[in-house]
Amino acid sequence: MSSFLPRSEGPRPKLFMSHYSFDSHKQPHTRLIDTHPFNHTLQVFLPTHCSPAIHSTLVSRLLKNTFYYHAKVPLSLLLTPEFMQHARNGMIALSVDGGIDTHNIVCLDGNGSLVLALTKDTYEQLGLDGVPSKFSAKRQRYVVKIDLRAPAMVPKKPGFERVKWCFENTLVDKFSMLFASVDAEGNSLPIEFPSEISARKLTYDVDVTTLHDIVIPDTTRIRTIRHSNNSNNNNNSNVLQWRSNVSQLHEWIGMVAVGSPRVLLHDRIDPYLCVYNPPAQKKQTNAPPSQPSSSTGSLLRISGFLPAQAIQVIFQSLRNVLDDSASNVQWAHCCVWGFEDSPISWRDKEHQFLLSGENMYGFFLWSRHLVLSKKENQDRGVYVMLETVAALDEHQ
Amino acid sequence: MSNQDRPDLSLYSKLSEQDQDNAGIGPSVPRVDSETGSFVRKYVGEAVVQGYDKEGTFNTKVKNKVFLLDNPAKDTNAAKEKVKEKKKRDRKAKALNAREKRNLKVYDIPQDARQYIKYLPLHELWKSYMNEIFGGSTPIAFVQKLLKADLHGACITVTRSKCPSYVGQTGIMVQETEQTFQIITEKNALRTIPKQNSIFCIRFGENLFTIYGNHYRYRVAQRSAKKFKAKPTIDL
């Protein structure tokens with residue numbers, strides 16, 4: 001019977017942690033946000049009560065002028081001149097019926113590429129050139145990429161005509177899709193649909209939860225990766241220590257996000273039932289050492305079809321909140337979830353669903369007005385970036 | 001020779017022995033000396049099986065006959081070669097092999113003949129041929145006949161193929177080989193489409209028939225005698 005068990009463990013999801021600074025010339029956070037086109041939820045955790053001032057800074061600008069559409073469209077609609085223009089402007093679209101490993105999924109990434117992730121039957125009948133998917137069983141799924149921004153994609157040219165013929169004759173199914181088009185500042189642009197298609201215009205859902213009596217751990221430990229001068233071994237162990245600290249905090253944020261009672265101050269669960277230990281809290285100078293103190297935190301959640309530009313706007317406002325000395329917020333955590341059934345995770349990277357299709361990223365940010373001890377990293381623009389990548393994903 | 005014994009029957013009279021010697025012609029029947037003659041007569045008499053007529057056998061079979069007792073002389077080289085030549089000339093003209101066919105372009109359709117409108121009459125002919133076979137029976141029964149039918153002149157479409165660029169090719173079929181269909185499209189292009197890994201559709205009247213190319217890879221002549229069996233999968 002042991003011959004039926006798999007020999008190797010198989011691919012696993014990964015968590016990438018990195019440590020950067022806003023003040024350096026490299027801006028990996030911008031690149032990370034911009035290249036992740038499809039996001040469905042953004043969550044911000046603040047270790048204080050979310051005052052109306054903070055709320056308005058973060059959200060008001062967003063809610064003023066943002067919306068997205070949900071419509072059931074045939075693919076030939078995407079080749080009409082209006083939609084081609086939208087695609088050139090950076091419209092994103094994603095079909096939301098069915099899973100990435102079972103159905104045909106269509107998406108338009110913000111760069112004007114139309115990506116079709118198709119089953120074998122659909123691909124053989126479609127008539128457009130594509131490559132087999134890297135992550136599925138051999139030759140069972142195919143990916144077709146059409147660059148709508150290419151100079152050849154103009155009516156009357158043979159390449160365009162062939163694509164149009166295929167969408168009108170061989171793949172005439174309607175796909176239930178979400179559309180969003182934004183300009184550089186994050187304001188949504190309206191999309192006109194033809195009258196026979198009923199498109200719903202939707203806005204983002206904003207949800208604020210205040211959490212009372214939680215024990216907030218100390219995040220200053222992960223601001224610094226200590227570099228000792230002794231030997232390489234020590235350095236490695238410091239990095240490993242840092243990594244374990246980061247993953248503990250990541251787990252704690254996850255507990256808060258699901259609303260687990262383990263983070264509450266008065267939680268007395270039998271260790272037999274739950275082996276979770278929250279990370280240590282910051283040592284208060286006044287209180288006795290083993291007595292945790294309660295604090296308040298708030299979770300702000302925005303859900304919808306969020307394009308990368310909207311995320312950038314919120315990220316920027318979050319940094320403004322942190323840097324504003326009046327708000328007295330020490331640190332914040334920002335987390336963004338991508339769609340589990342999306343054909344691409346980060347731009348041009350193929351994505352599949354094994355046991356889960358997570359493609360999310362998060363940031364730990366600190367205020368610039370922190371009181372830093374000597375041991376800590378004196379750079380005031382430090383942030384920690386976390387990327388959670390699914391098992392079957394090309395992103396590294 | 002026997003007629004020479006009866007001068008009234010033979011057309012020619014016998015040459016006298018003197019005239020034969022003068023002309024240098026040997027006697028037509030070699031002279032037998034008496035010893036041989038008596039020996040042979042006696043020998044035959046003893047050799048003949050009991051019950052058969054000894055005298056009669058000798059008279060009919062041996063007297064005045066020439067027997068060759070040794071092996072016949074071998075043909076000389078010249079004679080053998082003559083025979084060979086004759087054989088060569090008479091040999092049937094052998095079929096051309098594939099390389100010769102390609103070089104001579106025997107089966108190619110010339111450029112000026114590659115026009116769609118020229119094949120429309122062929123299509124009409126095929127339709128009337130189909131009507132003859134079809135004769136108003138149900139499509140289900142007709143499928144068996146269609147498998148053996150000749151499709152030259154049918155309007156054929158590729159509906160599904162492992163190679164995406166074949167999908168959608170439509171035209172009148174002008175040549176069918178063991179592994180390919182050659183069709184002429186409306187844009188006057190002659191396309192060679194391999195039967196393998198493709199599925200074709202033929203439209204006839206209001207009925208649409210599907211042909212699975214993978215299982216159809218036989219020569220037209222062979223196909224009429226072929227029994228098509230159910231296959232485990234029709235997947236490409």
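A:K14 lies in strand β1 (residues 14-21) of chain A. Helices here are DSSP runs of H or I with at least four residues, strands are runs of E with at least two, and both are numbered from the N terminus. With 13 C-beta neighbours inside 10 Å, A:K14 counts as partly exposed. The scale runs as follows: buried means 20 or more other C-beta atoms within 10 Å of the residue's own, exposed means 12 or fewer, and partly exposed lies in between, with C-beta atoms placed from the backbone. A:I311 is 297 residues from A:K14 along the chain, and their C-alpha atoms are separated by 23 Å.

This is a predicted model, in which local features need pLDDT of at least 70, side-chain atom pairs count only at pLDDT 80 or more, and totals for chains, interfaces and linings use all residues. Residues are numbered from 1 along each chain as its sequence is written, while chains are lettered from A and ligands numbered from 1 in the order in which they are written. The pLDDT is the predictor's confidence in each residue, from 0 to 100. Chain A has a mean pLDDT of 84, and 92% of its residues reach 70 or more.

Chain A splits into domain 1 (2-66 + 205-389) and domain 2 (68-202). Such bounds come from an automatic or database domain assignment. The domain centres, taken over C-alpha atoms, are 33 Å apart. Contact (C-beta atoms, placed from the backbone, within 7 Å) joins 21 residues of domain 1 of chain A to 26 residues of domain 2 of chain A. On the domain 1 side, β12 (295-306) and α7 (308-323) of chain A each supply at least two residues. The largest share, four residues, comes from α7(A). By class, that side has 11 nonpolar, seven polar and three charged residues. Ala, Val, Leu, Ile, Met, Phe, Trp, Tyr, Cys and Pro count as nonpolar, Asp, Glu, Lys and Arg as charged, and the others, Gly among them, as polar.

Now the interior. A nonpolar core is a set of buried Ala, Val, Leu, Ile, Met, Phe, Trp, Tyr and Cys residues joined through C-beta atoms within 7 Å. The largest has 92 residues, and those with the most contacts inside it include A:A93, A:F179, A:L318 and A:L365. Helix α7(A) gives the most to this core, seven residues. Both domains of chain A contribute residues, so the core lies between them. A:L365 touches A:L318, A:L322 and A:W331, among others. Apart from this core lies another, of 17 residues, among them B:A154, B:M173, B:F200 and B:Y216.

Back in chain A, which residues of helix α3 (residues 81-89) are buried? They are A:F83, A:H86 and A:A87. Seen down the axis of α3(A), they fall within an arc of 100 degrees, so they line one face of the helix. That arc is taken over the directions from the helix axis to the C-beta atoms. The face turned away from the buried side carries exposed A:P81 and A:Q85. The cover over the buried residues includes β5 (105-108) of chain A. Just after α3(A), A:G90 takes a positive phi of about 105 degrees.

Chain B is assigned domain 1 (2-62) and domain 2 (113-223). Their centres, over C-alpha atoms, are 80 Å apart. The contact between the chains takes eight residues from chain B and eight residues from chain A. The chain B side has three nonpolar, three polar and two charged residues.

Definitions and conventions:
Two residues are in contact if their C-beta atoms, placed from the backbone, lie within 7 Å. Lists of a residue's contacts leave out its neighbours within four places in sequence.
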